[in-house]
Amino acid sequence: MEGFKRQFRFQYLDVKFAFIIFWFVILLSNILFYVLNYTNKSNTNFGVRWFDSGVEFGVIQSNSLNISASNIISIAIFILVVSIVMYYESFPTAIGFSSTRKDFYKGVIGYHVVLSLAMATVEAILLKTDRFLVNAIGRDALTNLIYFDTKEDNIFYIIIVLFLFILLFASMCNLLGAVIYKFGYKFWIGLAALFVVIGNIPLLHIPIIKVIKLLFYFNNSPLYLLKAALIIVILYAISWTFVRRLSVK
């Protein structure tokens, strides 16, 4: 238990400053978009629209928009980067200070859970306040974001849904980070070859789309809660099979 606490504290301190800077930049970006939409008198909006068939970002020809929803992409990029960097920086340091791989990995999971919850909480607050700010600048707020409605749903429900999505993505990035660290350039060669194969065999598109829908399709909260939790556990278990045999580089 002491080893887990030490690893968790180490990873928390390692990302604390980056987390603060990240949200500082995000808030400045959001403020800029609110100002641009307020000063723009045409029907063109700067923000995001979510549809059942996809997502539209950037300059939108519509009267309704949601600015805070665009933060989701930035959150995903942040988690992807820190999950990969963790294995190249934190893992060698942890092993170098005589920590076990098990303690390190427990710290990784605890770190991802806390980071996902923190990200979900901050983003949920921004989403709940977005409609008031959008209405204040004279625009129609887009509140239905497919998985929840920022007007009708309470903030705790939104936090739970966002937490599950972010932690699910974090578990994928964790597996990716472990695989990249283990195989190095061989992974990128294999990935490039996979893209070439998939690009030239249309029949492979269907199972890939089905896998994506399995991971992210949402119909009701109890079912999704169980499905997401199960997939998260499976992904972290698969990642451990790589981490337990990782050699320090």
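K16 lies in helix α1. Helices here are DSSP runs of H or I with at least four residues, strands are runs of E with at least two, and both are numbered from the N terminus. The model is predicted: local features need pLDDT of at least 70, side-chain atom pairs count only at pLDDT 80 or more, and totals for chains, interfaces and linings use all residues. Residues are numbered from 1 along each chain as its sequence is written, and side-chain values use heavy atoms, with hydrogens and water left out.

K16 is partly exposed, at a relative accessible area of 40%. Buried denotes under 20% relative accessible area, exposed over 50%, and partly exposed the range in between (1.4 Å probe, protein chains only). K16 and L115 are separated by 99 residues in sequence, yet by 9.7 Å in space, C-alpha to C-alpha.

The protein contains seven helices and four strands. Their order from the N terminus is α-β-β-β-α-α-β-α-α-α-α. Of its 249 residues, 41% count as buried. Contacts (heavy atoms within 4.5 Å) were sorted by sequence separation. Among those between residues at least 6 apart, 70% join residues at least 24 apart.

Confidence is given as pLDDT, the predictor's confidence in each residue, from 0 to 100. The mean is 79, and 70% of residues reach 70 or more. Over residues 50–61 the pLDDT is below 50; this stretch has 34 contacts in the model beyond near neighbours in sequence.

A nonpolar core is a set of buried Ala, Val, Leu, Ile, Met, Phe, Trp, Tyr and Cys residues joined through side-chain atoms within 4.5 Å. The largest has 52 residues. W23, F78, I79, Y87, F104, L115 and M119 touch the most other members. Helices α1, α2 (71–96), α3 (101–136), α4 (155–183) and α7 (221–243) each supply at least two residues. The most come from α4, with 16 residues. M119 is in contact with F19, F22, W23, I75, F78 and I166, neighbours within four places in sequence aside.

F17, I21, F24, V25, L28, I31 and V35 form a nonpolar patch with about 680 Å² of accessible area together. Accessible areas come from the Shrake-Rupley method with a 1.4 Å probe; for residues, only the protein chains shown count as cover. I31 belongs to helix α1 (residues 2–39). I31 is partly exposed, with a relative accessible area of 49%.

Notes. Patches are made of residues with over 30% relative accessible area and no salt bridge: like charges are joined within 9 Å, nonpolar side chains (Val, Leu, Ile, Met, Phe, Trp, Tyr) within 5 Å. A salt bridge is a side-chain nitrogen of Lys or Arg within 4 Å of a carboxyl oxygen of Asp or Glu.
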